[in-house]
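Hi,

Here is the structure I promised to send over. Have a look first, and then read on for what turned up in it.

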Protein chains: 2
Amino acid sequence: MGGDNGPAAVVAGLARSAHKNPDIGFLLHGPKAELEPLVAKRRLTDRVEIRDAPGIVRMDDKPSHVMRNGKDTSMWSTIEAVRNGEAEVAVSCGNTGALMLLSVVRLRKIEGVNRPAIACLWPSRNPSGFNIMLDVGADIRADAGDLLQYALMGVSYARNGQGIARPRVGLLNNGTEEHKGRAELHDAHALIGQGAETGEYDFVGFVEGGDIPSSRVDVIVTDGFTGNIALKTGEGTASLIRDFLREAFKHTPLSRLAALLALTSLRRLQKRIDPRRVNGGVFLGLNGTVVKSHGSADATGISAAIKLAFKLARSGFNERLAARVAAASALNKDRAEAADG
Amino acid sequence: MGGDNGPAAVVAGLARSAHKNPDIGFLLHGPKAELEPLVAKRRLTDRVEIRDAPGIVRMDDKPSHVMRNGKDTSMWSTIEAVRNGEAEVAVSCGNTGALMLLSVVRLRKIEGVNRPAIACLWPSRNPSGFNIMLDVGADIRADAGDLLQYALMGVSYARNGQGIARPRVGLLNNGTEEHKGRAELHDAHALIGQGAETGEYDFVGFVEGGDIPSSRVDVIVTDGFTGNIALKTGEGTASLIRDFLREAFKHTPLSRLAALLALTSLRRLQKRIDPRRVNGGVFLGLNGTVVKSHGSADATGISAAIKLAFKLARSGFNERLAARVAAASALNKDRAEAADG
């Protein structure tokens, strides 16, 4: 209910996924009277179970307000379905802050995780077409231990969501030389390097902003402040170039003709950098998977988020992630005890 | 001497600027025997005075090493010419870290400036075509007072380099809501807001990564770590899209034909986002102006950096900036004394 385009866009995206994939079942949360006709219109009545929830979380609602007064909202009901095991994964395009707080409080953090993170997909030069970056906004702080956990969670996501057997991890910094960057980044460099063998990933060391879409890395680790700035800067740059490209092709009658001929090529480009295709930030580190779709998502965007959610649920992603983090915690404990002894 | 393309590219760029603008005089620093034939070939002998300096600062030289042992280098000689008043502004495409350290130590900070900053130009939707962002890498730390000084320095740059009478300043954060971001950003928000009236700028508050190229702001203020990540992420995204566009137009024979017809339009786009045209990070806050060109700059890039340097020198930029900072320091002192009284 909380997306910019209302429930019609959500049901349209759901219909698209339902037609493509007969193995998905849907629980749809919101005011029953409003949702029922939308579902009937798309002939989805036997694929979709509606959970009546009259309240709506608005984009400008404060997360703490939702936490106190939001029990009747569609967002609460959605998270609750994951909590009590009825749903395997939640998809929402509502208020990110409220969704995060609700997810953390109701689903709780996985044993051993200090800070949950939001991971996003980034168009890249890699064969899969995407790199993973985290954290892109769950928490503005992260110490070296948190950054190690982000690396482990990102590796699990790359393995189960992207099918990369041995992901390459890079740590975002303002230069690749070892002396660059803040103190916590130097500590994280050591920790992530030490964890590579047991974690079954490769650590490529520090990477720069220009490396985020590169083919030398699969998972980019950073704190939520820096990751948020990088993500929005990348989106803003892509949108600027899109506008400039449109203007360039409108400049003269000849360029309009050229644009017509170039349409297929431009669509090919558009498809590779379409933010709707990378739709779906994933909350990592909780007892349950939550996929956060863009607030402005349309049917294509919603359907992409559902596809990602299905893939993660099917791979048993969350259990594997929990096992990884537990193993790393145990290892660190052993090391600490050995050091003490 | 320290650029990726050697002195030939520098002299080619210099020739371009010399032909366009009869009012510029040049001091060229480096090994005389190597530079003399290059200058003669371009028929620039009466426009260029060569200062013999046999040593070269390499891209991987440690700044501290250059500081101790670099007295014979072309970089040292260049900064020295600004220091002793022979040159009004220095242009270099060498090692950024070494150039910054040399500039800070030899030119010294302006009275009242705590941390110097590097400002860059960013392609934008504004009429001028560019926004200014600082700091993009001089210092990874910045407290609230430093961020206020960056705002004042950025405003001076926008006024004298871009001709914007009343620049709009934004503070980069992971959201525009007042409760977002780190503590020092909240303090900086208050300080920059208070300084707007006397500083003759408008403060638009927090801006996000997506606003960097927007038309709602002229000057974007941030610390050098975040600014560096944003700058390189933006450049990396633009370069990715450029490659994808090229591939899209090579896909089929028809798309190759379309590309041919679209060439003028694509060149028009290229010109607006060409990193060579925005070439020239400016070191702000020192007794003397230093323009840092990309290491990979070619003749077009060098010439753009020289043009910017000329513009800033002619406007008496550095004296005006110093006056602004001094006025703001005096005002803060008055306020502090009034508060104590």
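**Between the domains**

In chain A, 22 residues of domain 1 are in contact with 18 residues of domain 2, where contact means that the C-beta atoms, placed from the backbone, lie within 7 Å. On the domain 1 side of chain A, the elements that give two or more residues are helix 5 (96-107), helix 10 (299-314) and helix 11 (317-340).

As for the bounds, domain 1 of chain A is 1-113 + 285-318 + 326-341 and domain 2 is 114-279; they come from an automatic or database domain assignment. The C-alpha centres of the two domains of chain A lie 23 Å apart.

A word on the ground rules: this is a predicted model, so local features need pLDDT of at least 70 and side-chain atom pairs count only at pLDDT 80 or more, while totals for chains, interfaces and linings use all residues. Residues are numbered from 1 along each chain as its sequence is written, and chains are lettered from A and ligands numbered from 1 in the order in which they are written. Helices (H or I, at least four residues) and strands (E, at least two) are DSSP runs, numbered from the N terminus.

**The two copies**

Across the interface, 47 residues of chain A are in contact with 47 residues of chain B. Helix 8 (224-248) and helix 9 (253-273) of chain A are the elements giving two or more residues to chain A's side, and helix 8 of chain A brings the largest share, 18 residues. By class, chain A's side has 24 nonpolar, 15 polar and eight charged residues. The copies meet through the same surface, because 100% of the interface residues of chain A are also interface residues in chain B.

**The sheet in chain B**

Chain B has an open sheet of eight strands with mixed pairing, in the order 3-10-9-4-5-8-6-7; strands pair if DSSP finds at least two bridges between them. Strand 3 and strand 7 (202-207) of chain B are the edges, each pairing on one side only.

Strand 10 (residues 289-292) of chain B is worth a look. Strand 3 (residues 89-92) of chain B runs parallel to strand 10, joined by four bridges, with B:V91 partnered by B:V291. Strand 9 (residues 281-284) of chain B pairs with strand 10 in the antiparallel sense over three bridges, and here B:F283 has B:V290 as its partner. In the hairpin of strands 9 and 10 of chain B, which has four residues between the strands, B:G285 takes a positive phi near 100°.

Further along, five bridges join strand 4 (residues 117-123) of chain B to strand 5 (residues 130-134), and these run antiparallel. B:C120 has B:M133 as its bridge partner in strand 5.

Cheers

Technical notes. Two residues are in contact if their C-beta atoms, placed from the backbone, lie within 7 Å. Ala, Val, Leu, Ile, Met, Phe, Trp, Tyr, Cys and Pro count as nonpolar, Asp, Glu, Lys and Arg as charged, and the others, Gly among them, as polar.
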